[in-house]
Amino acid sequence: MIPSIHKRGSKTVGLIRYLYGPGTHEEHVDPHLVAAFDPLAPDPGRDPSATYAQLERLLDQPVNALPEGRRPEKHVWHLSVRSSPEDPTLSDEDWAAIARRTVAATGIAPDGDEQACRWAAVRHADDHIHIIATLVRDDGRRPRLHNEARRAQAEARRIEVDYGLRRVASGDGTAAIRPSSAERHKAKRLGQEAASKELLREHVRRALAGAVGEAEFFDRLTAEGVRIKMRVAPSGDVLGYNVAIVGDRNKDREPIWYAGSTLAPDLSLPRIRKRFAASTETDPQSTTLDRSGASAPARARYAAVQTADVALTSLTAGDEGSAAAHLIGVGEVIDALAQTSASTTRGELREAARHFERATRSHILAKNEEMHALRRAARQIVHSGAAFGHGQDSAATSLILDVMILAVVAAVHWHAARGNAQQAEAAQRASLHLRTAYQITAAGPLATLRAHGERLLASDRQRHAATVRTALPHLADRLQSEPGWEALTAVLDQAERAGFDTAALLAKAVGERELHSANSASEVVVWRLHHLGYVATPTRPPKSKPTPSPVPAPAVPAAPRYEDVRIRRR
């Protein structure tokens, strides 16, 4: 149940005409009154003798009774209440009761107040009603509407419980403003996938991911095809910026501009500059780990894993300012991945980024300097270019997605512990899209590893199983029972041949995170071992050549090849 308070107006009959009219796209069906301050109020929808003017005069009577100088200029109050798509269709009687509870909760018409404001509730669709009220009470005084939006939300939560409707998470005032119904209809008419405000918010966030200064930020926005208009002071200093979608114009054929702060609270230029202050201008690839033979996208992703691990630790520690900063950084890394990953996962990653942006904002003040490392990781990912959907790129992407899932799940718990219900729900939805992207990305490399594991000699398989049981006695049975066991065996074999102490490597991999919440513990260990093979130093020289397989090798797809995902010596 979502109540939305709209801008106040000055013409009662104008809103009445809209509510009873056909709608912008003929979407209004059977407009009629479901409730009003007076049970005998005229209903122009179902009473042929009733008119818009009659309903207007009835609602405006207290306003018109005031001397002209005392009448409020904006006296028309408008609130819509919408049910969720998965909710059952409510009856007129249900909506009437909901309307009465809402006007009472907001202060328009408190229970038992016979001098309250006049109001009417109109229904022209199955899933919502509109409440129109005039902001002069029958006794000539103004209503007390302090925090009416918050009170409407609180009453909506109680209505959800009473009617068994979907429980909508409560907000904290930091959410981006939703597009209006008019903006959504216009987007549909223009053939846009979303309202201009939502599209621009996504463009700005993509341009911001890892950018180190205003010049780079605005260059990226321009490259995305966004129109930009600067707000400049007489001194020449840039005070802010406005953006517009090409082709989105008003009735005068002028571009419809949106200030950054109207897209989201944290996208104003002053807030963006705080992120830039936490960054330094460096070569995008100068700080990546040395990955001999790996592509630039793979190197950038491996470097991001190191940084994301630190952020994951922060989200489970006690410093709220650092955690809030790392949430912003995690959001930028997801945005960067959405821009550069293979086409098979780009849609899922864009959805993950869109949901997670809500989880990056709360009332906790972020320590901007703490997000520098993650912003640098996002910058490296963006500047490394598009990753391929196979080979080393696919393995590296699987690894960073695995860590991003952990970070986002940690964000769910972090927000839930602080009562940030909307942010926790948004992070939870983001995690689902990240998991889907991971499953698509990891399928090829894991299949190749499983094929290699199945070709190992029985003696090698037994030796690796014994190592697992010795190093991880509490996990051995679970690991061996999972589909990822063959892939884990293959990685252990590669690590052993590269000169690593596999028992120590296993202990370190498992010690980096708990595995009880993992969907597949064996896959988590596979990627952890894969990463440790690049950052750890072997304890002995590598074996010169592998032991030949005694059975014919099964057919393995040409891409990705096993060599593309093997553990290498630094």
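Me: Which residue stands opposite Pro3 in E3?

Reply: Val81 of E3 stands opposite Pro3. This is a predicted model. Strands of a sheet pair through backbone hydrogen bonds, either parallel or antiparallel. Here E1 and E3 run antiparallel and are joined by four bridges.

Me: How many bridges join E3 to E5, and in which sense do the two strands run?

Reply: Seven bridges, with E3 and E5 antiparallel.

Me: What is the strand order of the open sheet?

Reply: The order is E1-E3-E5-E4-E2, five strands with antiparallel pairing. E1 (2–5) and E2 (32–36) are the edge strands, since each pairs on one side only. On average, neighbouring strands of this sheet are turned by 25 degrees against each other, direction ignored.

Me: How many residues of E3 are buried?

Reply: In a regular strand the side chains alternate between the two faces of the sheet. Burial then has to be read residue by residue. In E3, six of the seven residues are buried, so the strand is largely enclosed by the rest of the structure. H4, residues 148–163, lies across E1 and E3 (76–82). Its direction is about 165 degrees to E1.

Me: Now the hairpin. How many residues lie between E6 and E7?

Reply: Five residues lie between E6 and E7. In the turn, Gly236 has a positive phi of about 95 degrees. Val226 has Ile245 of E7 as its bridge partner.

Me: Which other strand pairs with E7?

Reply: E8, residues 258–259, pairs with E7 in the antiparallel sense over two bridges. There, Asn242 has Ala259 of E8 as its bridge partner. Six of the eight residues of E7 (238–245) are buried, so E7 too is largely enclosed by the rest of the structure.

Me: Which residues of H7 are buried?

Reply: An α-helix has 3.6 residues a turn, so residues three or four places apart point the same way. In H7, residues 214–223, the buried residues are Glu216, Phe217, Phe218, Arg220 and Leu221. They pack against H6 (196–208), E6, E7, H9 (269–277) and H13 (372–384). Gly225 follows H7 and has a positive phi, near 85 degrees.

Me: At what angle do the axes of H11 and H12 cross?

Reply: Two packed helices are described by the angle between their axes and the distance between the axes. For H11 (residues 320–340) and H12 (residues 343–359), the axes cross at roughly 160 degrees and come within 8 Å. Angles over 145 degrees count as roughly antiparallel. H11 and H12 are therefore roughly antiparallel to each other. The crossing of H11 past H12 is left-handed.

Me: Which residues make that contact?

Reply: From H11, they are Leu327, Val330, Gly331, Ile334, Asp335, Leu337, Ala338 and Gln339. From H12, they are Arg346, Leu349, Arg350, Ala352, Ala353, Phe356 and Ala359.

Me: How many residues of the H11 and H12 contact are nonpolar, polar and charged?

Reply: Ten are nonpolar, two are polar and three are charged.

Methods
Residues are numbered from 1 along each chain as its sequence is written. This is a predicted model: local features need pLDDT of at least 70, side-chain atom pairs count only at pLDDT 80 or more; totals for chains, interfaces and linings use all residues. Side-chain values use heavy atoms; hydrogens and water are left out. Buried means under 20% relative accessible area, exposed over 50%, partly exposed in between (1.4 Å probe, protein chains only). Two strands pair if DSSP finds at least two bridges between them. Axes are lines fitted to C-alpha atoms, for helices over the stretch in contact, and angles run from 0 to 180 degrees between N-to-C directions. Angles under 35 degrees count as roughly parallel, over 145 as roughly antiparallel, 65 to 115 as roughly perpendicular and the rest as oblique. A crossing is left-handed if the near helix is turned anticlockwise from the far one by less than a right angle, and right-handed if clockwise. Contact means heavy atoms within 4.5 Å. Ala, Val, Leu, Ile, Met, Phe, Trp, Tyr, Cys and Pro count as nonpolar, Asp, Glu, Lys and Arg as charged, and the others, Gly among them, as polar.
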